[in-house]
Amino acid sequence: MTGEPRHVGVEIELAGLGVEALSSLVAASVDGRVERLSRYEHRIIGDARGDWGVELDFAFLKRRGRRSGNDGVPEDALEAMIRLGAEQLVPVEVVSPPLPIDELGGVDRLIESLRRAGARGTGDGLTYAFGLQLNPELPALDATTVTRYLQAFLCLHDWLKERARVDLTRRLTAYIDPFPRDYVRRVIDPGYTPGLATLADDYLAANPTRNRALDLLPLLAHIDGERVRAAVDDPRIKPRPALHYRLPNSEVGRPGWGIMAAWADWLAVERLAADPSRLAGVCTAYAEHLDQPLSGLVHPWSEQAGTWLDVPDAP
């Protein structure tokens, strides 16, 4: 991957639009056409960058929809009742193909069209624990690169969470659980220089779940799928050479909101991972902070971490 243009996948969870309406809007935005896989899952084809996906994020209904396929079989009363209930709790999701980094601004134009059509996001409903998810490809897949990105994220987690103003509804769910404290301490230790196998084994032992603010399972499954499947039996894990960052809210219903602020914050992780000397300093400072938990009452780590970064204040 070194020397090749990098890409970022984007996933946006929302309510207020059904699968049919959302698919039509996405297709119009990317000059594509809708391929109906089932009543709950559509694919938008024709974009040179790859296929887009639109789906109701509820496994039970997706399974029923796949059994019916695209043969026009209407939903029965039970399915209709479950769908109506699900639409109050689970999001409809639009999933982009991997997009060149310099084309991410186009996603904000899509978001604006969704907002005008009635899309709603985090904060627009008491049960809307919806997220924006970014899937940035790594510049390389060697153990040193992956470890540095993980260390940078662990050190900046509190800062990112503060910047993202993570909604209370989302904080009460398990979807973006923090990493276990003992695991964090192990990874940020200056002597932690694992090979890929050890890195994966350590991660899987401490985090056999997709529910992390930074989910490494898709990346590790791309590197060593058999190892991941032996530890985590979850068909939702999709192998790809990218991280899965899922901390930000999806505020698609708020005028002026887009993905670029979240992407700008993620770039702080990129810059820290690319600066080994500064990363080592942040890791040491964070380890000292963890050894003195009461100090966080006076000087929260989210503030201390910010002193290592050259970024503007959050809007």
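1. Ground rules. Residue numbers start from 1 along each chain as its sequence is written. Because the model is predicted, local features need pLDDT of at least 70 and side-chain atom pairs count only at pLDDT 80 or more, while totals for chains, interfaces and linings use all residues; side-chain values use heavy atoms, with hydrogens and water left out.

2. The overall fold. The chain's secondary structure comes to 14 helices and nine strands (DSSP runs numbered from the N terminus: H or I of at least four residues for helices, E of at least two for strands). Of the contacts in the chain with a separation of 6 or more, 75% are between residues 24 or more positions apart (contact means heavy atoms within 4.5 Å).

3. Of the 315 residues in the chain, 49% are buried (under 20% relative accessible area; exposed is over 50%, and partly exposed is in between, with a 1.4 Å probe and protein chains only). The accessible surface is about 14,900 Å², and carbon and sulfur atoms hold 52% of that (Shrake-Rupley method, 1.4 Å probe; for residues, only the protein chains shown count as cover).

4. The core. In soluble globular proteins, nonpolar side chains tend to be buried together. Here the largest nonpolar core has 83 residues, and Leu22, Phe153, Phe179 and Trp266 have the most contacts inside it (such a core is a set of buried Ala, Val, Leu, Ile, Met, Phe, Trp, Tyr and Cys residues joined through side-chain atoms within 4.5 Å). Helix H5 gives the largest share of this core, 11 residues. As for Leu22, its contacts beyond four places in sequence are Leu14, Leu17, Val54, Val92, Glu93, Val94 and Leu114.

5. Helix H11. This helix covers residues 260-273, and its end C-alpha atoms are 20 Å apart, in agreement with the 20 Å that its 14 residues should span (1.5 Å times one less than the number of residues). Among its buried residues are Trp263, Asp265, Trp266 and Glu270. The buried residues of H11 pack against strands E1 (7-14), E7 (132-136), E8 (214-215) and E9 (244-245), as well as H5 and H12.

6. Helix H7. Tyr183, Val184, Val187 and Ile188 are buried in H7. They sit on the same side of the helix, because they cover an arc of only 120° around the axis (the arc of the directions from the helix axis to the C-beta atoms). The buried residues of H7 pack against H5 (143-164), H8 (196-206) and H12.

7. A link between H7 and H12. Arg185 and Asp291 form a salt bridge, with their closest N and O atoms 2.6 Å apart (a side-chain nitrogen of Lys or Arg within 4 Å of a carboxyl oxygen of Asp or Glu). Arg185 lies in H7 (residues 181-188) and Asp291 in H12 (residues 276-291), so the pair ties together parts that are 106 residues apart in sequence. Arg185 is partly exposed at 31% relative accessibility, and Asp291 is exposed at 54%.

8. Other salt bridges. The whole structure has 17 salt bridges. In one of them, Glu251 pairs with Arg254 at 2.7 Å between the closest N and O atoms; Glu251 is buried at 19% relative accessibility, and Arg254 is partly exposed at 42%. Asp275 and Arg278 also meet in a salt bridge, at 3.3 Å from N to O. Finally, salt bridges that share partners join Glu35, Arg43 and Asp51 into one network.
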